[in-house]
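Please keep the structure in view while reading.

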Amino acid sequence: MHSVRSKYMFCIVCGRTATKGTFCDACFLKHHPLFSLEDFIIYACGDCGAYHEGAAAKRTDIDDVLRTAIEKHLKEGNNVAIRFSITKRQGTTLFVTVTGTGFLSGLRKTETHAIKVRLKKRTCERCIRIAGGYYEAVIQLRGNEPEKMLHKLEGSLPKGARIERIQGGYNVKFVAKNEAERAIKGLKQYTIKRSFKLVGEKKGKSLIRNFYSVR
Ligand SMILES: [Zn+2]
Ligand SMILES: [Zn+2]
């Protein structure tokens with residue numbers, strides 16, 4: 001009975017048969033967290049209302065933003081399936097309950113953490129760009145019917161797009177290339193010529209502006 005392994009035979013916490021080192025299954029799970037998660041901040045843009053985490057994300061659905069943020073802030077939580085709900089909102093603080101299910105040394109565990117998410121006002125990257133007059137793409141409406149082209153575009157222009165009347169037509173400037181790319185699809189019946197221009201450099205990366213000449 002009293003072999004060399006005897007001190008490992010019983011769980012050091014509850015005295016049941018040890019199965020995971022010095023613990024039984026239940027005590028092993030109790031003593032090893034499945035994941036950890038700290039409170040964090042989500043920013044809300046005062047200009048456009050988008051929630052973001054400082055840089056690129058520009059969504060308006062708080063659940064979407066929360067999910068991405070929770071997954072990003074999750075620690076030691078490999079392959080943990082997450083569910084969450086906002087249990088209370090107090091001023092700019094969200095009380096969020098996060099439940100994760102996953103495996104620890106082959107044992108299934110479900111764990112619930114309560115965190116606080118602070119909402120802070122901060123202008124999003126896109127609105128900063130709009131305010132600074134920045135643009136990545138220009139659709140140049142030319143030819144015989146630039147007004148008709150403009151009319152086709154107008155209904156679907158994103159916030160921040162600027163229309164300039166020039167001799168022989170219009171220039172429509174877009175903050176982001178993908179927005180121009182989306183808009184140009186509405187002018188498929190015309191001849192579209194694409195070109196690029198190097199307009200500068202930022203942090204070692206070339207800034208290239210896209211041009212779409214439409215006739
Ligand atoms: Zn035990
Ligand atoms: Zn914004």
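A residue is buried if 20 or more other C-beta atoms lie within 10 Å of its own, exposed if 12 or fewer, and partly exposed in between, with C-beta atoms placed from the backbone. This is a predicted model, in which local features need pLDDT of at least 70, side-chain atom pairs count only at pLDDT 80 or more, and totals for chains, interfaces and linings use all residues. Residues are numbered from 1 along each chain as its sequence is written, and chains are lettered from A and ligands numbered from 1 in the order in which they are written.

Q: Which residues of α3 are called buried?
A: Val 65, Leu 66 and Ile 70 are buried in α3. They cover an arc of only 130° around the axis (taken from the directions from the helix axis to the C-beta atoms), which puts them on the same side of α3.

Q: Which exposed residues does the face of α3 turned away from its buried side carry?
A: That face carries Asp 64, Glu 71 and Lys 72.

Q: What makes the buried residues of α6 line one face of the helix?
A: In α6 (residues 177–184), the buried residues are Glu 179, Ala 180, Ala 183 and Ile 184. Seen down the axis, they fall within an arc of 130°, so they line one face of α6.

Q: Which residues have the most contacts inside the largest nonpolar core?
A: A nonpolar core is a set of buried Ala, Val, Leu, Ile, Met, Phe, Trp, Tyr and Cys residues joined through C-beta atoms within 7 Å. The largest has 17 residues, and Ile 139, Phe 174 and Ala 180 have the most contacts inside it.

How values were computed:
Helices (H or I, at least four residues) and strands (E, at least two) are DSSP runs, numbered from the N terminus.
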